[in-house]
Amino acid sequence: MKSLAELEQIRNRMANKINVRNEAGEEGNTRIVVGMATCGIAAGARPVLTAMMEEIEKRNITNAYVTQTGCVGMCKYEPIVEVYGADGTKTTYIKMDAAKAVRVINEHIVNGNVVAEFTIGSDK
Amino acid sequence: MELARAHVLVCGGTGCTSSGSEKIINALEASLKEKNLENEIKVVRTGCFGLCALGPIMIVYPEGVFYSMVTPEDIPEIVEEHFLKGRVVKRLVYKETLTEDEGVKSLNEVDFYKNQMRIALRNCGVINPEDIEEYIAYDGYKALGKVLTEMKPQEVIDEIKKSGLRGRGGAGFSTGMKWQFTADAPGEQKFVACNADEGDPGAFMDRSVLEGDPHSLIEAMAIAAYAVGADRGFVYIRAEYPIAVKRLNIAIEQAREYGLLGKNIFGTDFSFDMELRLGAGAFVCGEETALMTSIEGHRGEPRPRPPFPAVKGLWQKPTLLNNVETYANITAIINNGADWFNTIGTEKSKGTKVFAVGGKINNTGLVEVPMGTTLREVVYDIGGGIPNGKQFKAAQTGGPSGGCIPAHLIDTPIDYDNLTAIGSMMGSGGLIVMDEDTCMVDIAKFFLEFTVDESCGKCTPCRVGTKRLLEILNKITEGKGTLEDIDKLEELCYAIKDSAFCGLGQTAPNPILSTLKYFRDEYIAHVVDKKCPAGVCKALVSYKIDPEKCKGCSLCARNCPVGAISGKIKEPYVIDTDKCIKCGVCESACKFKAISK
């Protein structure tokens, strides 16, 4: 260890990896929940989950974490992803795939803009 | 480490390891692999969570679900239900963390944790102690970096002085003063050392820090070395702590690899390295001069003070010696400032204290509370009270050097000075809770047996005196004592206190003196009435059968291991007291509560 910067580097690199241990509300974290019941998995929830995690890792995002839940009850819309903002808002994205997942991370989590076209309200 | 969506923290402390956490980890890894989840879910072996009574303990993040008393057979269910499908296995969740509507509440809202404040234990049960990067992620080595690049050695000492931190090993001497004395002592070569020879029966907080957060010790010792002008460190640790030794060795290796030990740390002129010295298990080696004699490679015996270690310590060089828990507070003080630390606690005892709570209590385990917390809060609010609805009788603190806190003093705020004032001491922090079934004479005898075994033999008052004390106690518990014996016992206690060579002998009579002070009536009951009020001392107990209640079922006679009970079916049975060995089997066998002491 030759400098404080080097230590700082390790700390930053590790920050998003241990983030999952900081419980949701506590640190102002955004919780991203992927519906992973049989219906969700059959519709392709797993690639959505992995894509989101990869994107979070790649962009070194420290204020959001991905978790899963069971059946949300709207099987025809699966894969469903719900985003619980630190401010208590909830956004529901439907019929997700890996590419859409990456956009949600980039636009919603990073830039703070809800991707309206994927939300449940946009479904006619 | 890859990014994982969930972390499963399994306690790898000694407590949970002995209740089978290794098997849990193996089963988890196998089961995750089977479901192809091994890259999504990370298993982390941590240090002690503190709730040892509920081990093996497992916490799942991000939900923060707390599974207790998990068995390897439960693992496939947890993996399938929770990790794959996202449904918490309520059956295995620690009941206290379930809300009324079956939701799961945060651990910090549970009684056991809610009233605690974890400074020394901040990383225990949070990080993987075998991964230096996790320690760094939780601000590890930040304090060392700050000290080396921004502070002068004297500024570090001033900060510690200002914090009001006192030694957590027992006597409670000001840590900052100790650092100052070592820094001021003349000499080119100086050492820092750590006392990790935790020998009090029932105390295990130092072990938990070493097992759960070894880097915090390394970092603090490096800071201390910088402050006092040392370049080498020694940790004297008992060989009976294999997990702690292993983790500390791994941590030292990693710190060297990352250049946090060695030459020119953080690119400064400061160089520091450290090594372990294993103790062979002699209690006296927890005494500072004996400890240093042992590090030097000699037989562990105390030597006179002064000179104090700060002046002439290891190999006659100035040496700073602190306890593990004391060091565990250092980085928190540097990072958060002395002004933060000295707002916690009481006027003369700052910060928190870790207690290893054991004995007759529901939540056996490790508890860290601000100084000034009352014993009642520790026993009832955090400890969950006494099992089986029994009455609290006393708590013993300070191990073989300490004394009892009786029930009427249960609201005493715990700090160094209050405990000394009521005839006990903080000691290293073992806290043994006793209920109405505990005989106080027997407790004193237990601790005296320990000190008689552990006396090093160098001085007569301790070697011979403690033996005589034990003989008198034996006489009393066998029902052969007299009132004069109690006076003699007391007189001898004071004589040993005044004349013994080191701390071991000087404090050895404390368990007797404090039980005499608060429970003299029990001693008198033993010698005058020849009765043991708690029914513990076998020689003074006799079992009898109440002929009114006895139905003559013969169950007691069939269970008696020595054939001391006889009688006819459907008629009251009798116990032959000459044959009876007072094992109590008949009492627990009787369905009609006809047998009593």
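This is a predicted model: local features need pLDDT of at least 70, side-chain atom pairs count only at pLDDT 80 or more; totals for chains, interfaces and linings use all residues.
User: What is the order of the open sheet in chain B?

Analyst: The order is 7-6-5-8, an open sheet of four strands in chain B with parallel pairing. Strand 7 (273-279) and strand 8 of chain B each have a single partner strand and stand at the edges, so one side of each has no neighbour in the sheet. Ignoring direction, neighbouring strands of this sheet are turned by 20 degrees against each other on average; axes are lines fitted to C-alpha atoms, for helices over the stretch in contact, and angles run from 0 to 180 degrees between N-to-C directions.

User: Is strand 5 of chain B mostly covered or uncovered?

Analyst: Mostly covered, since six of the six residues of strand 5 (residues 191-196) in chain B are buried, where buried means that 20 or more other C-beta atoms, placed from the backbone, lie within 10 Å of the residue's own, exposed means 12 or fewer, and partly exposed lies in between. B:Phe191, B:Ala193 and B:Asn195 point one way from this strand, whereas B:Val192, B:Cys194 and B:Ala196 point the other way.

User: New topic: which residues have the most contacts inside the largest nonpolar core?

Analyst: They are A:Val81, B:Met221, B:Ile223 and B:Ala224, in a core of 212 residues; such a core is a set of buried Ala, Val, Leu, Ile, Met, Phe, Trp, Tyr and Cys residues joined through C-beta atoms within 7 Å. Helix 10 (residues 214-228) of chain B gives the largest share of this core, eleven residues. Leaving aside neighbours within four places in sequence, B:Ile223 is in contact with B:Ala143, B:Leu144, B:Val147, B:Val156, B:Ile330 and B:Ile334, and a contact means that the two C-beta atoms, placed from the backbone, lie within 7 Å.

User: How many residues of chain B are in contact with chain A?

Analyst: 29 residues of chain B are in contact with 28 residues of chain A. Strand 1 (6-11), helix 5 (132-137) and helix 6 (142-150) of chain B each supply at least two residues of that side of chain B, and helix 5 of chain B gives the largest share, four residues. By class, this side of chain B has 14 nonpolar, eight polar and seven charged residues, with Ala, Val, Leu, Ile, Met, Phe, Trp, Tyr, Cys and Pro counted as nonpolar, Asp, Glu, Lys and Arg as charged, and the others, Gly among them, as polar.

User: At what angle do helix 19 and helix 22 of chain B pack?

Analyst: Helix 19 (residues 465-477) and helix 22 (residues 510-527) of chain B pack at about 35 degrees, and their axes are 10 Å apart. B:Leu469, B:Ile476 and B:Thr477 in helix 19 of chain B meet B:Ile512, B:Tyr523, B:His526 and B:Val527 in helix 22 of chain B.

User: Last one, how many helices and strands does chain B have, and how many are there in chain A?

Analyst: Chain B has 24 helices and 17 strands, while chain A has four helices and four strands. Of the 597 residues of chain B, 53% are buried, and in chain A, with 124 residues, buried residues make up 40%. The C-alpha trace spans about 90 × 65 × 40 Å along its principal axes in chain B, and about 60 × 25 × 25 Å in chain A.

Terms used:
Residues are numbered from 1 along each chain as its sequence is written. Chains are lettered from A and ligands numbered from 1 in the order in which they are written. Two strands pair if DSSP finds at least two bridges between them.
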